[in-house]
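Here is a quick walk through a model, from its overall layout down to a single residue. Have a look at the chain first.

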Amino acid sequence: MPNPSILILPGDGIGPEVMTEVRKIISWFGDKRGLQFDVSEDLVGGAAYDKHGKPLADETMAKAQEADAVLLGAVGGPAYDDLDFSVKPERGLLRLRKEMDLYSNLRPAQCFDALADFSSLKKDIVAGLDIMIVRELTSGVYFGEPRGIFEEGNERVGINTQRYTESEIERAARSAFELAMRRGKKVCSMEKANVMESGILWREVVTRVSADYPEVELSHMYADNGAMQLVRAPKQFDVILTDNLFGDILSDCAAMLTGSLGMLPSASLGAPMENGRPKALYEPVHGSAPDIAGQGKANPIACILSFAMALRYSFDQGSEADRLEAAVEKVLADGVRTADLLGEDGVEPVSTSQMGDAVLAALD
Ligand code: NAI
Ligand code: MG
């Protein structure tokens with residue numbers, strides 16, 4: 001059996017800086033835990049545009065299709081802001097998601113005890129929080145036809161279409177139920193079945209799929225109530241399943257319950273490949289942070305935790321993922337902080353590489 005393969009796409013801005021730390025972690029798992037990966041690296045975003053004139057070369061796309069997991073840093077930055085829409089750095093990322101057909105976007109919102117004071121909510125509401133939002137990523141109103149701005153009489157009309165097929169709902173739902181089986185065995189599905197037909201179908205299909213997962217407790221909630229419940233009592237949830245539009249908003253909302261953007265990982269999963277592993281792209285939620293790029297200030301934890309998700313969801317190494325997450329938890333409990341995790345209490349921040357080294361030391 002060949003080693004599982006990882007394609008690293010560091011991208012732009014702080015992407016390469018945080019990815020350097022992840023490479024150290026990947027090597028640690030090879031050296032100390034016998035988990036060998038075939039790691040290769042390529043360009044995406046502005047870095048790819050500089051070399052190829054487009055934000056994702058066809059060869060890179062082909063490598064991503066073959067890889068057991070793709071790890072991406074971040075794309076974009078002011079140097080590329082004036083580029084034509086068709087070659088903008090973000091298009092590279094969108095092409096990856098679309099051509100790999102990554103329909104299930106996993107966004108954990110987890111509150112590390114040491115950072116509970118960071119939340120905009122009261123500490124006891126978020127301490128110990130561990131929820132997972134599953135957002136359908138490849139359909140819905142961002143893709144539905146007809147769309148556009150049209151003339152209608154003597155004014156214009158802007159149109160987007162919320163559209164979901166049963167199979168699109170079903171595959172997203174299965175991914176949420178499978179996840180719930182490995183977690184707290186609860187799924188809360190959010191739509192607006194009270195005012196949208198697509199929501200009625202969503203609820204019907206999710207309910208049907210749930211019959212295959214009798215151990216999982218399913219509930220339904222209107223998405224607007226879901227937003228209220230997320231800030232009122234977020235710990236009532238385990239897995240939240242929702243569509244592309246509501247998921248975009250609800251996942252950002254949930255993310256901020258836990259503090260810094262520098263802490264948030266994500267996974268985007270597609271259908272299983274021949275070897276049984278899902279097509280998969282792992283990336284931090286944050287962008288290229290041009291304001292701090294090149295200064296060694298970036299927090300690498302979001303990217304490190306994205307690799308932990310890869311261990312869990314692509315490589316079936318749940319206990320190794322736990323090990324890595326526990327190391328991060330320990331480093332935070334020890335008071336190690338990058339600048340984005342500091343309040344006003346005068347603690348000296350550590351650099352990107354010092355944070356990576358601290359995680360390595362905690363792993364040891
Ligand atoms: P951003 O996430 O890059 O930065 C927002 C703020 O959070 C900045 O103040 C930044 O310094 C801080 N921040 C972000 N990540 C951090 C980290 N790991 N450690 C410490 N501080 C961190 O979002 P922004 O400023 O809206 O976008 C900057 C560029 O990134 C744009 O070109 C945008 O298009 C791109 N972008 C790319 C994304 C991706 O690659 N998935 C996602 C979001 C934005
Ligand atoms: Mg968003």
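## Ground rules

This is a predicted model, so to speak of local features takes pLDDT of at least 70 and side-chain atom pairs count only at pLDDT 80 or more, while totals for chains, interfaces and linings use all residues. Residues are numbered from 1 along each chain as its sequence is written, and chains are lettered from A and ligands numbered from 1 in the order in which they are written.

Where they meet, 14 residues of domain 1 are in contact with 14 of domain 2; contact here is C-beta atoms, placed from the backbone, within 7 Å. On the domain 1 side, α4 (89–99), β4 (104–110) and β11 (265–272) each put in at least two residues, and β4 gives the largest share, 4 residues. Helices (H or I, at least four residues) and strands (E, at least two) are DSSP runs, numbered from the N terminus.

## The core

The largest nonpolar core holds 102 residues, with V70, L71, V134, A176, I240, I304 and F307 having the most contacts inside it. Such a core is a set of buried Ala, Val, Leu, Ile, Met, Phe, Trp, Tyr and Cys residues joined through C-beta atoms within 7 Å. Helix α10 (residues 301–313) supplies the largest share of this core, 11 residues, and both domain 1 and domain 2 contribute at least three residues each.

Helix α1 (residues 15–33) has 19 residues, so at 1.5 Å a residue it should span 27 Å, and its end C-alpha atoms, 26 Å apart, agree; the expected span is 1.5 Å times one less than the number of residues. Just after α1, G34 takes a positive phi of about 65°.

V22 sits in this helix and is buried, with 27 other C-beta atoms within 10 Å. The cut-offs are 20 or more for buried, 12 or fewer for exposed and partly exposed in between, using C-beta atoms placed from the backbone. Leaving out residues up to four places away in sequence, V22 touches L71, P300, C303, I304 and F307. The C-alpha atoms of V22 and P300 are 7.7 Å apart, despite 278 residues along the chain.

## Around ligand 1

Ligand 1 has 21 residues around it, of which G76, G262, H286, G287 and N299 come nearest; to count, a C-beta atom placed from the backbone must lie within 6 Å.

Methods: Domains from an automatic or database assignment. Contact = placed C-beta atoms within 7 Å.
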